[in-house]
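Please look at the structure shown here and follow the paragraphs through it, one part at a time.

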Amino acid sequence: MRKKRNRELLDEMMQARIVPTVTKHPECILEAMELISESANNSHLNDDFFKAVEIPTDYLSARLKLTPVQSVLFSLLMDHSENSCIHLSDMAELTGCSTTRMLRFSKSLEELAQKFYIKIRKGRSLDSYRIPREVIMSLRDDVAYEHKPEVISDVNEFFDQYGRILNERKSEEITYALLRNLNEENLEQISNTHFASTLKRELPDSDDRLLFVHMAYLYISMMEDYIEFHQIGEIYDDEDMPTRLKREFRSQESRLQEHLIENSNRDGIAQPDTYRLTAYAKNDVLSEVCMNETTHTSHHLTKSDSLTEKSLIFNERENEQINQLCSILSPERFRDIQERLENTGMRRGFCCLFYGAPGTGKTETVYQIARKTGRDIMQVNVDRIKSCWVGESEKNIKRVFDRYRNICNETKIAPILLFNEADAILGLRMEGAVRGVEKMENSIQNIILQEMESLGGIMIATTNLTENLDKAFERRFLYKIKYDMPTQEARCKIWMQMLKGLKPEDAGYLASRFNLSGGEIENIVRRYSVSAILSGVKVMDLETLTKICEQERIHSHNRSRIGF
């Protein structure tokens with residue numbers, strides 16, 4: 001094996017081209033990055049390459065306060081900045097390196113993320129990267145990007161901000177270490193509060209402080225007095241961390257257990273491995289938190305007034321069904337319909353299924369219906385419901401419906417319970433299930449079916465696949481809307497709407513040549529816009545647009561052929 005690897009390394013060295021020394025002194029940040037990325041082509045990022053690009057690398061390092069390696073990696077990422085999901089293999093292809101060699105630069109990439117130049121999304125096997133738009137815009141103006149923390153003036157704003165950065169952690173765009181650092185920065189901003197000073201006194205360790213903040217956030221945002229380990233584990237990179245914490249908590253060795261947390265209690269019996277804040281933590285440490293009646297419903301909901309208005313273009317049949325549903329879900333009409341259904345002994349809840357090809361606007365339809373009807377959205381992350389712990393997945397899904405029911409009881413306008421990309425939980429139930437995973441899947445589906453029967457609000461599920469939809473689910477969905485690929489006429493309108501300045505005849509050409517979904521067109525427009533920003537081109541370029549459309553076709557796997 002070692003001999004084989006040595007041969008591979010030798011082949012790489014033999015194939016690497018000789019990189020001519022860059023003698024040009026760059027005049028701006030983007031020019032330096034361009035010189036580096038052009039020289040990196042098939043360079044294998046060897047020592048000779050780093051010597052050859054020393055001039056632009058030194059310039060970039062000085063301007064952005066980066067190491068030479070970070071400057072090179074950042075330049076390579078910028079070369080793919082039109083993509084929202086860049087992999088090491090993309091940079092490996094450009095440089096002629098193996099992906100294994102690129103992995104050696106992972107630490108430098110993490111340091112770039114800590115400086116807020118890039119975002120890293122942690123995958124199960126490989127990470128992916130993206131450059132935030134604000135960074136691109138700053139570099140375009142030849143200014144080094146400077147991360148400015150949001151100003152926080154009190155404890156309530158502190159927890160609001162924590163909720164926002166927690167969402168980034170859940171989407172795996174920031175690491176646990178960065179979450180902890182941001183938490184410390186935010187605590188420093190409110191250092192004069194009773195909450196922050198008490199936390200520093202009670203918990204000298206920053207890891208313990210973050211853990212308490214997270215548990216306090218769960219209590220504040222959802223009045224959660226029954227915190228389980230899968231909820232604690234969502235902040236950690238290391239999947240083993242909750243297990244280590246469990247051992248520490250069971251042996252009563254955690255500093256938090258001295259005054260701040262205790263085992264949950266049900267019917268006078270302490271529950272193992274479930275925890276709650278102590279009375280001291282709630283009444284003293286969190287005394288500055290405004291706990292009004294809507295505090296716990298304001299978090300974990302997408303507010304209807306925060307949704308951006310977007311004009312969606314559908315085929316005629318879909319448009320008619322969506323408008324009808326939107327009319328039914330208007331608050332006054334919906335209450336009237338519910339009362340009539342109840343008086344006739346029918347179910348009061350509305351369960352809807354949006355199904356069809358990816359990128360056809362299913363999720364965006366939910367957002368626009370919510371905006372128009374003034375309904376907040378409680379979105380369910382299906383992947384996070386499932387747990388490796390026996391019995392926890394069933395508790396998770398039950399808790400989702402319990403929370404939704406409580407929110408409906410406490411608000412005048414029922415929010416929408418959204419199961420986005422729900423393929424994993426709407427499939428056929430398995431007869432004679434033997435394996436634990438199969439039994440768990442069946443249990444989850446049975447709970448959902450029961451909850452749909454008694455639902456008093458609005459549930460919408462979106463899915464790309466319906467071939468395996470269980471008949472029991474199909475029967476319980478009152479409204480089922482199928483999303484087809486847009487017609488040529490609809491595609492033309494989408495092009496015109498998304499790309500201002502595009503000539504009607506050019507939009508017609510693109511619509512007739514490429515059979516794309518609305519989501520695919522949006523992705524192409526985004527790539528084109530980023531390229532235009534970086535190049536400074538202001539005139540619409542049909543040739544470049546066409547080329548990006550063709551690349552979309554090449555790089556879209558497991559999809560039917562685009563075009564004729």
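Strand E1 and strand E3 (residues 128–130) pair in the antiparallel sense over 2 bridges, where two strands count as paired if DSSP finds at least two bridges between them, and where strands (E, at least two residues) and helices (H or I, at least four) are DSSP runs numbered from the N terminus. Within this part of the model, His87 stands opposite Ser128 in E3. The pair belongs to an open sheet of 3 strands in the order E1-E3-E2, with antiparallel pairing. Strand E1 (86–87) and strand E2 (119–121) each have a single partner strand and stand at the edges, so one side of each is left without a neighbour in the sheet.

This is a predicted model, in which local features need pLDDT of at least 70 and side-chain atom pairs count only at pLDDT 80 or more, while totals for chains, interfaces and linings use all residues. Residues are numbered from 1 along each chain as its sequence is written, and side-chain values use heavy atoms, with hydrogens and water left out.

Turning to the helices, H19 (residues 316–328) and H21 (residues 362–373) pack at an angle of about 35°, with their axes 9 Å apart; the axes are lines fitted to C-alpha atoms over the stretch in contact, and angles run from 0 to 180 degrees between N-to-C directions. In contact, meaning heavy atoms within 4.5 Å, Ile322, Leu325 and Cys326 in H19 meet Thr365, Ile369, Lys372 and Thr373 in H21.
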